[in-house]
Every structure is written in structure tokens, then in C-alpha cells.
Amino acid sequence: MYFGTNGVRGLFSELNPSLALKVAQAVGMYFKKGKIIVARDCRLTGDVLRSAVVSGLASVGCDVVELGITSAPTAEYMIKKLDADGCIIITASHNPPEWNALKVVDGKGIAVSKERGEEIEKLMDSIGLAEWDRVGSITFYDRAVPDHIQAIKEHVDTEKIRKRKPKLVLDCGNGTASVIAPRLFKELGADIITLNSHLDGRFPGRPSEPSEKNVQELIAAVESGNADAGIAWDADGDRVIFVDEKGNYVIGDRVYALCVLWKLSGKKGDAVTTVATSRAVEDVAERFSCRVRYTAIGAPYLCEEIVSRPAVIGGEEVGGVIWPELSLAKDGMLTAAKLAEALCEKKLSSWLEEIPAYHNVKLKIEAQGEKKKQIVQKALDYAKENNRDYVDVDGVRINLEDSWVIIRPSGTEDYVRLFAEAKTKEKAERLAEEYRALVT
Ligand code: MG
């Protein structure tokens, strides 16, 4: 089993050139040849894996269009623009620099899920090389970044941003945001200060995950620079978090709740999110009489849900927001540009006052194999017997009046996760303990 929720991920000893070549050949066969985009982040193993991926695709007859080092949302935006049949992005997202991964996206822009990955894996046993005169071409397209920037500019009020000139600190974490974010915000007319904004596959500035602990330098820079906001991305630039003008870190699901607020103010419709996302998103949607639809955790499931039934926005709890008007990528660049636009109206801390605050508690219940299933089943039985409002697409999420609990088996480790969210910390703790007792 190579494919996980976000493609094939591993250390270089596992995801090595020979595996990358084989996976790419199988992906090429899965997409039935055609035109496939290849992009990568700046990890040190990226170029070696890129050459294997490109070779694998062309060897089964795909025409490869290389974009070089770009953010994941840039590469995913280019699928439609270049009329490609699929895309492989070589990036391990927010993972440490020694990791890498092959993220596969289809011609509609939908990230390939674990289930579809299994179909690709089956093809790895029967690779059909192209005839010598039918191997694919390999070309380079060097305008992906300006194309993506242009598209983003068409989806925000650039005039307003140029007039207000918000002061922003950009923390690119030495990842792919470095090749687009400073240029994007300069073109938008914002006043910018950059941190960790040169590419370095060792991520020397900070760990790639934009958690509160990892962006302390950004927080300090926002405070000392009297900036309107701080913005930080992970290595492939799909996830983004904000820091308000007072130096407060804005966690991923509050970033998403803000985006839902901005989106629904202009265009009503359903919002899609994963079962692990804060109730704040539903509270915002309710204000506009709009609905929230829940999916299993993982970007591919969000994409699939948005394609299956119309939705105006999608997003996950770690700060990945999908703007379907542009692409099905979690677009950390457009999300950040939307923040710049919103800051023309009022301060980020004032915007945050519109998002209800919640507290959460996360517990782990140790359990293996069958026991994991039993725990989740107990939660489901309880929800049914007591007529609770629940969602069971990924574990069981039970929605209570102003709180919720999710009981969900870990896919890779020996425990079941229990999250509880409520208006106060005490209530969240009480809820978590109550449900732990119920299911164990
Ligand atoms: Mg990412």
C-alpha cells in the first residue's frame, strides 16, 4: 500500500527514484496517457524524484509539461489553463524536509483519494511501455506563476487593495510560497515585509507546518512592524494561517470560518468542510441561511463533494480553503489575497469578532484492530438510540446544541481520537470525558 490520503508519501529511502518512476508510469496509464503537468516544491530530493516522475510518465506515452518549482495551488490551477489530463506534484506539504511525496490530481482538478490510489497501484504490476516512437514529449512551461497571479487578481478587488495598501508580513517558510507570494502582494499594491522568503529545501527558517509554535518570528514581526496582519504558508503553499494586527494567531478553522463569511456575504450557497472542523463554520453559514455539508477528512473528499453537488466554498480545519471559481485546489494564495481585500474594510481583529469562539479538547483512546471499530460503533449506537444529530462519513461526529464531539479511528496508529468542542474549555473537557466514558 503506497497511496494515502494525500498521495504516496515517504522518506527518501522509501519514496526513492525507482518507486517514483513506477508510480508515475502507473499514473500515466491511469490517466490514459494525454498531457500531464509535473511540478515540485524545493525539497533537496525534489529534483531527483522529478526526473524519475517525468521519465516514468513519458515512458508510457504521456506528454509531460514541467512547471518547475511552484506552489501546489499554482500547479493545480494550471490543469485547466493548459487543458491537461492530470498532474503530479512532488511535495510532502507541511512535513519535515527529509520527507517527500507524489500528490496526484486528475484532469478535473480533483486530488486522487486513497481509494483511487489503490486503482493506480494495481496498474503498477502491468506497466505497458510505449513503443519507441510513441514515448511522450517533455516540455517546460515557465509562465505558471504569472498566470496564477493574473487569475488571483481577477478574483479580488485590486483597486481597493492598492488604495488602502495594507501592511502585511509574509512568512513563506522557505517553501514554494517564496516564488509567488511576495510577487503577488507587490502586484496587488500591498506594503510587504517578507520572512523566510527564499527557497531552501532544508526549511532553515522554521518548520514547514504553520502552527502557532512555529510562527513566533512572524508574530513578533507583525507586532514590531505595526503590520495589519501576518500570513504564513506550509511548503506547498496550500495551507495558510493568519496573525492579526495585535499578534494573535488565527487557527486554521477560524481562517476557514472567515473565508466562509467573506464568500457568503457576496454569494450564497453551500459550504463544504470536513467532520473535524469547528462549529464556527456552521454558525457563520447559518447567519446567511446557508448549509454546511460535511465530508471525511482529507482534501480529495472535499473536492469530490464540491464536484458532486454545487458549493461556493470548501475548506478544512488546518487552513486549506478551496475557491471553486478558480480551481479545486486549496489555494493559500487566493485565500491570502482575500484577506488583503477584507483588510480594506476593517481590521482583522474586528473581522474575528464576527466568528464565534470555541474551545476544544483532543483525547486519544488506546485501541487496536477490532476494538477501534467497537468504540466507534458504540458512539454510533448511542447517537441513534438518543436521537442525536450525527454525521458518520468518517468516524462519528455528534452535533449538540452549541458543541460537538467526534470519535474517529486513527488510520495509521493504535488509537481512536476523540475531539470535543464547546463554548468554554471546562465544558469541552466535561464533554470529552463524558464521551470517553460512554464508548470505553
Ligand atoms: Mg500543504
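Modeller: Buried means under 20% relative accessible area, exposed over 50%, and partly exposed in between, computed with a 1.4 Å probe on protein chains only. Helices (H or I, at least four residues) and strands (E, at least two) are DSSP runs numbered from the N terminus. This is a predicted model, in which local features need pLDDT of at least 70 and side-chain atom pairs pLDDT 80 or more, while totals for chains, interfaces and linings use all residues. Residues are numbered from 1 along each chain as its sequence is written, and side-chain values use heavy atoms, with hydrogens and water left out.

Biologist: What makes helix 12 largely enclosed by the rest of the structure?

Modeller: Twelve of the twelve residues of helix 12 are buried, so the helix is largely enclosed. Among them are G332, K338, E341 and L343.

Biologist: Why is D331 called a cap of helix 12?

Modeller: A side-chain oxygen of D331 lies 2.9 Å from the backbone nitrogen of M333, at the N-terminal end of the helix. A polar contact is a pair of N or O atoms within 3.5 Å; within protein, one must be able to donate a hydrogen and the other to accept it, and residues adjacent in sequence count only if both atoms are side-chain atoms.

Biologist: What makes helix 11 mostly covered?

Modeller: Seven of the ten residues of helix 11 (residues 299–308) are buried. The cover includes helix 4 (114–123) and strand 13 (271–274), where contact means heavy atoms within 4.5 Å. One of the buried residues is C303, which counts as buried because its relative accessibility is 2%.

Biologist: How do you know that there are zero disulfides?

Modeller: A disulfide is a pair of cysteine sulfur atoms within 2.5 Å, and a search of the whole structure finds zero. For C42 the nearest cysteine sulfur, that of C172, is 11 Å away. For C303 the nearest is that of C87, at 12 Å.

Biologist: Why are S93, D234, D236 and D238 called donors of the magnesium ion?

Modeller: Donors are N, O and S atoms within 2.8 Å of the metal (3.2 Å for Na, K and Ca); water is not among the atoms, so sites may look incomplete. The OG of S93 and the OD atoms of D234, D236 and D238 coordinate the ion at 2.0 to 2.2 Å. Their spacing in sequence is S-x140-D-x1-D-x1-D. S93 lies in the loop between strand 5 (86–90) and strand 6 (99–106), and D234 in the loop between strand 10 (229–233) and strand 11 (240–243), so the pair ties together parts that are 141 residues apart in sequence. Both S93 and D234 are buried.

Biologist: Why are V405 and A190 called buried?

Modeller: V405 counts as buried because its relative accessibility is 0%. This residue of strand 20 (residues 404–409) touches V396, L418 and Y435, among others. A190 counts as buried because its relative accessibility is 7%. Its place is the loop between helix 7 (181–188) and strand 9 (191–195), and its contacts include K165 and F185.

Terms used: Lists of a residue's contacts leave out its neighbours within four places in sequence.
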